[in-house]
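Here is a short briefing on a few local features of one protein model. Keep the sequence and structure open as you read.

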Amino acid sequence: MEMSLQEYNDRKAKSYKMLLWFAMISILMVFAGLTSAYVISKSRPDWLNDFTLPSAFIASTVVMVLSSVSFHLAKKAIQKDNRKATTMYLLATLVLGLAFVFLQFKGFSQVIASGYFFTGSESTITTSFLYVVVMVHLAHLFGGLVSLLIIIYNHFKQKYNSGQTLGIELGAMFWHFLDFLWLYLFLFFYFYK
């Protein structure tokens, strides 16, 4: 009994989505471990209890949520075969993703300007934790940006349409996951003092 092309594509999509879910759960476990270590380290005598997140991290959170919205709109646009809108939303997502990275590094500079350091003899465990968590998230975001660039490239090569949206769907799933992850981390650092 031979499988139809549609059945093959459905199975392939299901397999790719399952692999992505496993990857995202693994990434989530890494951050669960980091935030657990943060909670345990809070009892150390050298912990900074008066440390507040810089404003750039607040702005980057807003930018990340907007990028998630634009990626969602890109997926909806391609499902309606609206290539022009898809292009606009994918490029907006890329610009917002790059703005997020810029604002993260601006946040680092604001922390340093406040007299706190991430490494070296003048660093604190609090700021070192913040640095490690943000850098690990940025490493994963780099993967998200690379996949977004591949999606944009494939979109310009006209590989997506209302019947073939798998690449955009997978990219959007991962991007929304990164958004959720940053939102969790931001709220954790903001409220858990």
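Thr127 is buried in this predicted model. Its relative accessible area is 0%, so Thr127 falls under the 20% cut-off for buried residues.

**Thr127 and its surroundings**
- Thr127 sits in helix α4, which spans residues 125-156.
- The side chain of Thr127 comes within reach of the backbone oxygen of Phe117, at 2.5 Å.

**Packing of α1 with α4**
- Helix α1 covers residues 5-41 and packs with α4 at an angle of about 175°.
- The axes of α1 and α4 lie 11 Å apart.
- That angle is over 145 degrees, so the two helices count as roughly antiparallel.
- From α1, the residues in this contact are Ile27, Val30, Phe31, Leu34, Ala37, Tyr38 and Ser41.
- From α4, they are Ile125, Thr126, Phe129, Val132, Val133, Val136, His137 and His140.
- By class, the contact of α1 with α4 has 11 nonpolar residues, 4 polar residues and no charged residues.

**Ala92**
- Ala92 belongs to helix α3, residues 83-113.
- Ala92 and Leu166 are 74 residues apart in sequence.
- In space, Ala92 and Leu166 are 20 Å apart, C-alpha to C-alpha.

Terms used:
Residues numbered from 1 in each chain as written. Predicted model: local features only at pLDDT ≥ 70, side-chain atom pairs only at ≥ 80, totals over all residues. Heavy atoms only, no water. Helix = DSSP H or I, 4+ residues; strand = E, 2+ residues; numbered from the N terminus. Buried < 20%, exposed > 50% of the residue type's maximum accessible area, 1.4 Å probe, protein only. Polar contact = N/O pair within 3.5 Å; in protein donor to acceptor, adjacent residues only side chain to side chain. Axes fitted to C-alpha atoms, helices over the stretch in contact; angles between N-to-C directions. Parallel < 35°, antiparallel > 145°, perpendicular 65-115°, else oblique. Contact = heavy atoms within 4.5 Å. Nonpolar A, V, L, I, M, F, W, Y, C, P; charged D, E, K, R; others polar.
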